[in-house]
Amino acid sequence: MVAKTRKERAQIIKEAQIERKVGQLVLEKDFLLKKVRTAGNRCERKTMIDTQHALSMRQQSALLEVHRNRLKPKRAKISEEDHTSMLHLDEIHFN
């Protein structure tokens, strides 16, 4: 059956368009990965990660070749007042 129905032809065209788009995206991703690898050291690449982006941090870190365990922000310094309070609590519980 050589002649296809209109619906089948439309489906074939749609699938071909999707395949072309996927192929284009793969090429773009490969290009960008090569550029990112030469973008500098890991510290510079870590700054490229956007926590508000729709792409997950896991995916972003994989693309940027950055380890996720190094992405967590450093803890804020404890105020002197809080430190004193913690020392008093330690004395109460451990002495």
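I started with the largest pocket, which has a volume of about 220 Å³. My pocket is an open set of points on a 1 Å grid over the protein atoms alone, where a 1.4 Å probe fits, with protein on both sides within 12 Å along at least five of seven lines; lining residues have an atom within 4 Å of a point. This is a predicted model, where local features need pLDDT of at least 70, side-chain atom pairs count only at pLDDT 80 or more, and totals for linings use all residues. Residues are numbered from 1 along each chain, and side-chain values use heavy atoms.

I listed the lining: L25, E28, K29, L32, L33, V36, M48, Q60, L63 and L64. By class I got 7 nonpolar, 1 polar and 2 charged residues. Helix α1 gives the most, with 6 residues, and α3 (57-64) also supplies at least two.

**Along α1**

Next I looked at I18, which sits in helix α1 (residues 6-37); a helix is a DSSP run of H or I, at least four residues. I18 counts as partly exposed because its relative accessibility is 47% (buried is under 20%, exposed over 50%, 1.4 Å probe). I18, V22 and V26 make a nonpolar surface patch with about 250 Å² of accessible area together; a patch takes residues with over 30% relative accessible area and no salt bridge, nonpolar side chains being joined within 5 Å.

Definitions and conventions: Patches are made of residues with over 30% relative accessible area and no salt bridge: like charges are joined within 9 Å, nonpolar side chains (Val, Leu, Ile, Met, Phe, Trp, Tyr) within 5 Å. Accessible areas come from the Shrake-Rupley method with a 1.4 Å probe; for residues, only the protein chains shown count as cover. A salt bridge is a side-chain nitrogen of Lys or Arg within 4 Å of a carboxyl oxygen of Asp or Glu. Grid points are joined across faces, edges and corners, and a volume is the space filled by probe spheres set on the points. Ala, Val, Leu, Ile, Met, Phe, Trp, Tyr, Cys and Pro count as nonpolar, Asp, Glu, Lys and Arg as charged, and the others, Gly among them, as polar.
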